[in-house]
Amino acid sequence: QGGIVQGDLVLAGGGDPTLQTDQLGDLVARLADKGIKGATGRFLVWDGALPRLDRITGDQPEHVGYDPALAGLNLNFNRVYFEWKKAGGDWQVALDARGERFLPEVRGIRGRVVRRESPLFTYDQGPGHEDWTVASAALGKGGSRWLPVRQPGAYTAEVFRTLARAQGIDLPEGELVAGLPAGTEIARADSEALTEVLRDMLKFSTNITAECCGLASSGAASLAASGRAMTDWARVRLGIGSEFFDHSGLGARSRITAADMAKALLVAHREGLGLKPILRDVGMKDDKGRVIEGHPVKVLAKSGTLNFVSGLAGHIVPPSGRELVFAIFSGDPERRDAVPVALREGPEGAEGWTKRARRLQGQLISRWAGAYG
């Protein structure tokens, strides 16, 4: 009435791992187009469509963006943009949830530069706020990076409220609720079709997408239970005896053999499960690991590399002849386990090791393509 919702306004997540600030801004614009200017009641936020987890695994550094929290309401892959620059003898820092068209400042997540050598980052949190500190010795004159968000519901609510205020909609601070309130839908933001979501997940290795899709599929109350459900599904549907504790493979406990991976690819292809069409063409490589432009053989595959472990699995598709499925796993578990957790973002020696592993992958694929193509 008169632009004011008579009651509570509810922001409800459906578990989409790909929601971005620009989509959230467009959702606010749809409210503004309906003439909405506020609400008589509360601004309620529901993120319970999926289990709430503050990270995927505990064996990665605190500050890496590829190990964020998970919930039923996610934004920007649950990362916040942290920027710093030298100003005289001090530092200026800013945190925001930037998109391509919207640049909302974030206040519920705070950052400070502290004069120290190490640790690189520290993190603390309380109800409705997250606090980061970063060591001044590591910053240079300025820079930026994405940091993980551990309270995605509160983060998304703050960004939504900021975007709403910018478009003439006045809302109180968001309140997280355990259950989805009954009500009438007035606007929504949909993800792309699942096939496209998964295609991008495989291309960009977005761990949060794998976890959210797996949790949504299993309906399990925890990541461990969801991993067990995928283990059981893979045993029955694909005939493999692997063991999964998550869906992204980021944690170190999951186990699958190269033989089982190749078998899974073969079964998925023969039964038309839709995996091959969403794999990316990674190209044929020369002896130095460089892509050979215009090569007639396609290599449709997914790579996975982190801390002295490297994998590549997929299809080798020659222009004529026999199509192959393959899986190559390389690893130095002892060297991986010896790296302290705080240093696992880019441990010493990892770059050279990874180059050698990828060169080996290219040489094996080249040999197989020549022998069977």
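Start by selecting L194, V197, L198 and M201 in α3, which meet T209, A210 and C213 in α4; contact means heavy atoms within 4.5 Å. Helices (H or I, at least four residues) and strands (E, at least two) are DSSP runs, numbered from the N terminus. The residues of this contact of α3 with α4 divide into 6 nonpolar, 1 polar and no charged. Ala, Val, Leu, Ile, Met, Phe, Trp, Tyr, Cys and Pro count as nonpolar, Asp, Glu, Lys and Arg as charged, and the others, Gly among them, as polar.

A note on what you are looking at: this is a predicted model, in which local features need pLDDT of at least 70 and side-chain atom pairs count only at pLDDT 80 or more, while totals for chains, interfaces and linings use all residues. Residues are numbered from 1 along each chain as its sequence is written, and side-chain values use heavy atoms, with hydrogens and water left out.

Now show the whole of α3 (residues 194-204) and α4 (residues 207-218), which pack at an angle of about 140 degrees with their axes 9 Å apart. That makes α3 oblique to α4. Axes are lines fitted to C-alpha atoms, for helices over the stretch in contact, and angles run from 0 to 180 degrees between N-to-C directions. Angles under 35 degrees count as roughly parallel, over 145 as roughly antiparallel, 65 to 115 as roughly perpendicular and the rest as oblique. The α3 and α4 crossing is left-handed (the near helix is turned anticlockwise from the far one by less than a right angle; clockwise would be right-handed).

Next, go to α1 (residues 21-33) and α2, packed at about 50 degrees with axes 9 Å apart. That makes α1 oblique to α2. Here the crossing of α1 and α2 is right-handed.

Two backbone stops follow. Select S118 and P119: the peptide bond from S118 to P119 is cis, with omega near 0 degrees. P119 lies in the loop between β7 (109-114) and β8 (121-126). Then select N76, a residue other than glycine with a positive phi, near 55 degrees. N76 is in the loop between β4 (43-46) and β5 (79-87). Most residues other than glycine have a negative phi, and most peptide bonds are trans.
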